Amino acid sequence: MIERVIATDATLELIELLKSKHGPVMFHQSGGCCDGSAPMCYPDGDLIVGDQDVLLGSIGDSPFYMHKSQYDYWKHTQLIIDVVDGRGGMFSLEGVEGKRFLTRSRAFTAEENKEIQANSN
């Protein structure tokens, strides 16, 4: 099965650190408002997920959501969640660690798109 969202090793390490400090966490891909288009990390349950949010998968055993309107633009890509030095969004847990999550992406291949379509029916 094709994963819609994956994480780098550095991201997985940071997720484990955040979970050790805050308990279970969740992610939501920001839509470009206050904190840009950054993946935001919250204590699990702190962000109320609505019926317009799409569960893309999980990274580090933590659910990763995106609003449907934004998903429509990104559905042909695999999101690769990375971490870089710097201050993240002020509401995202990693900010105090001197790190921020960053979304990279790659377009699915024709074969992957066929598999995704076959699995969505």
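In the predicted model, Phe-27 is in contact, neighbours within four places in sequence being set aside, with Ile-15, Met-40, Cys-41, Ile-59, Ser-62, Pro-63, Phe-64, Tyr-65 and Phe-101.

The search for aromatic pairs, carried out over the whole structure, returned two. In one of them, the ring centres of Phe-27 and Phe-64 are separated by 5.9 Å and the ring planes meet at 20°; the pair is therefore classed as stacked, since planes under 30 degrees apart count as such. Phe-27 belongs to strand β2 (residues 25–29) and Phe-64 to strand β5 (residues 62–67), so this pair ties together parts that lie 37 residues apart in sequence. Both Phe-27 and Phe-64 are buried.

Phe-27 also pairs with Phe-101: the ring centres are 5.2 Å apart and the planes are at 80°, so the arrangement is edge-to-face. Because Phe-101 is located in strand β7 (residues 99–107) and Phe-27 in strand β2, the parts tied together here are 74 residues apart in sequence. Phe-101, like Phe-27, is buried. Through these ring pairs, Phe-27, Phe-64 and Phe-101 are linked into a cluster.

The three residues of the cluster are also those with the most contacts inside the largest nonpolar core, which comprises 17 residues. At least two residues of this core are supplied by each of α1 (9–22), β2, β4 (53–59), β5 and β6 (77–85). In soluble globular proteins, nonpolar side chains tend to be buried together.

Methods. Residues numbered from 1 in each chain as written. Predicted model: local features only at pLDDT ≥ 70, side-chain atom pairs only at ≥ 80, totals over all residues. Heavy atoms only, no water. Phe/Tyr/Trp six-rings, centres within 6.5 Å; stacked < 30°, edge-to-face > 60°. Helix = DSSP H or I, 4+ residues; strand = E, 2+ residues; numbered from the N terminus. Buried < 20%, exposed > 50% of the residue type's maximum accessible area, 1.4 Å probe, protein only. Core = buried A, V, L, I, M, F, W, Y, C linked by side-chain atoms within 4.5 Å. Contact = heavy atoms within 4.5 Å.
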